[in-house]
Amino acid sequence: MARPALTTTAAAFTTAAALLLTACGGGDDSSSDDIRSAGNNSGTPSASASSSAGADDKRPVIKLPSSFQLTFENWTSSDPVEQAVLDDGKEQLRAGYAAIIENDPDSRNRAFYDTKNGFLQSQQWIRTYTDKNLTVIGKLPVFDPKVVLAKDKAAASLSYCTDESKAATRNRKTGEVKGNPAGTDPEVLYVISMGRSAQGVWQAVSARSERAGCA
């Protein structure tokens, strides 16, 4: 099951927003969950982000259950700005899945890592699960991250791949579990346009995805 396409415009790296996360799952992050890097946003911060973003110790603590294993492979860079983008992009994704699991499309944790328009996009994606009483389970590796910084380093493009082969959705009421349909390529490429907020948080402005787009 793929997410419906969503459209917005990203200021620095104009990418048509099409958050297509199939009805799959993933969960606890086997790599470090601590986020200590900051990022400064060219997009408009969401209300919760603009009011709560700031020092690293004020960043939300995002927890995922063991039933959903979200892992990040080679999520490091020798460049401190690129590492900040990776760190906040990682938490943005984790916050989105946490919101699905918690049945909370209005998640303040997700809003923290989104601009205002980015969060509207996120809510639509989260509701493709919550409106159908679905949660996510299984394992979802996130790998092959790449960061491209704008010249002023106030905007960035973050791309990565996911492997949905061991992920699934579970209906909260019936318990029915569904994975990707047979013959569906389990790998999905994501490209996230990000801007750095005045508080130093890298936030998602828009995103696009492409199934079978990973090399």
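Colleague: At what angle do the axes of helix H2 and helix H4 cross, and within what distance do they come?
Modeller: The axes of H2, residues 80-101, and H4, residues 116-130, cross at roughly 35° and come within 9 Å. Bear in mind that this is a predicted model.

Colleague: Is that crossing left-handed or right-handed?
Modeller: The crossing of H2 and H4 is right-handed.

Colleague: Which residues make the contact?
Modeller: On the H2 side, the contact is made by Gln92, Gly96, Tyr97, Ala99 and Ile100. H4 contributes Ser122, Trp125, Ile126, Tyr129 and Thr130.

Colleague: And by class, how many are nonpolar, polar or charged?
Modeller: The contact of H2 with H4 has 6 nonpolar residues and 4 polar ones, with no charged residues.

Colleague: Let's step back to the whole chain. How many helices and strands does it come to?
Modeller: The protein chain has 4 helices and 7 strands. Starting at the N terminus, the order of elements is α-β-α-α-α-β-β-β-β-β-β.

Colleague: What share of the residues is buried?
Modeller: Of the chain's 215 residues, 54% count as buried. The accessible surface is about 9,300 Å², and carbon and sulfur atoms account for 48% of that surface.

Colleague: Cysteines next. How many disulfides are there?
Modeller: The count is 1 disulfide. Cys161 and Cys214 form it, with their sulfur atoms 2.1 Å apart.

Colleague: Where do the two cysteines sit in the chain?
Modeller: Cys161 is in strand S3, while Cys214 is in the segment after strand S7, residues 202-211. The pair is 53 residues apart and links distant parts of the chain.

Colleague: Are they buried or exposed? And what is the angle about the S-S bond?
Modeller: Cys161 and Cys214 are both buried. The angle about the S-S bond is -125°, and the link is left-handed.

Colleague: Where is Asn74, then?
Modeller: Asn74 is in the loop between strand S1, residues 68-72, and H2. With a relative accessible area of 67%, Asn74 counts as exposed, because that value is over the 50% cut-off.

Colleague: What about phi of Lys153?
Modeller: Lys153 is not a glycine, yet its phi is positive, about 60°. Lys153 lies in the loop between strand S2, residues 134-149, and strand S3, residues 155-163.

Colleague: Why does Lys153 count as partly exposed?
Modeller: The relative accessible area of Lys153 is 36%. Lys153 is therefore partly exposed, as 36% falls between the 20% and 50% limits.

Colleague: Last one: where is Phe68, and is it buried or exposed?
Modeller: Phe68 is in strand S1. Phe68 counts as buried because its relative accessibility is 0%.

Colleague: How far apart are Phe68 and Ile137, in sequence and in space?
Modeller: Phe68 and Ile137 are 69 residues apart in sequence. In space, the distance between them is 4.6 Å, C-alpha to C-alpha.

How values were computed
Residues are numbered from 1 along each chain as its sequence is written. This is a predicted model: local features need pLDDT of at least 70, side-chain atom pairs count only at pLDDT 80 or more; totals for chains, interfaces and linings use all residues. Side-chain values use heavy atoms; hydrogens and water are left out. Axes are lines fitted to C-alpha atoms, for helices over the stretch in contact, and angles run from 0 to 180 degrees between N-to-C directions. A crossing is left-handed if the near helix is turned anticlockwise from the far one by less than a right angle, and right-handed if clockwise. Contact means heavy atoms within 4.5 Å. Ala, Val, Leu, Ile, Met, Phe, Trp, Tyr, Cys and Pro count as nonpolar, Asp, Glu, Lys and Arg as charged, and the others, Gly among them, as polar. Buried means under 20% relative accessible area, exposed over 50%, partly exposed in between (1.4 Å probe, protein chains only). A disulfide is a pair of cysteine sulfur atoms within 2.5 Å. Accessible areas come from the Shrake-Rupley method with a 1.4 Å probe; for residues, only the protein chains shown count as cover.
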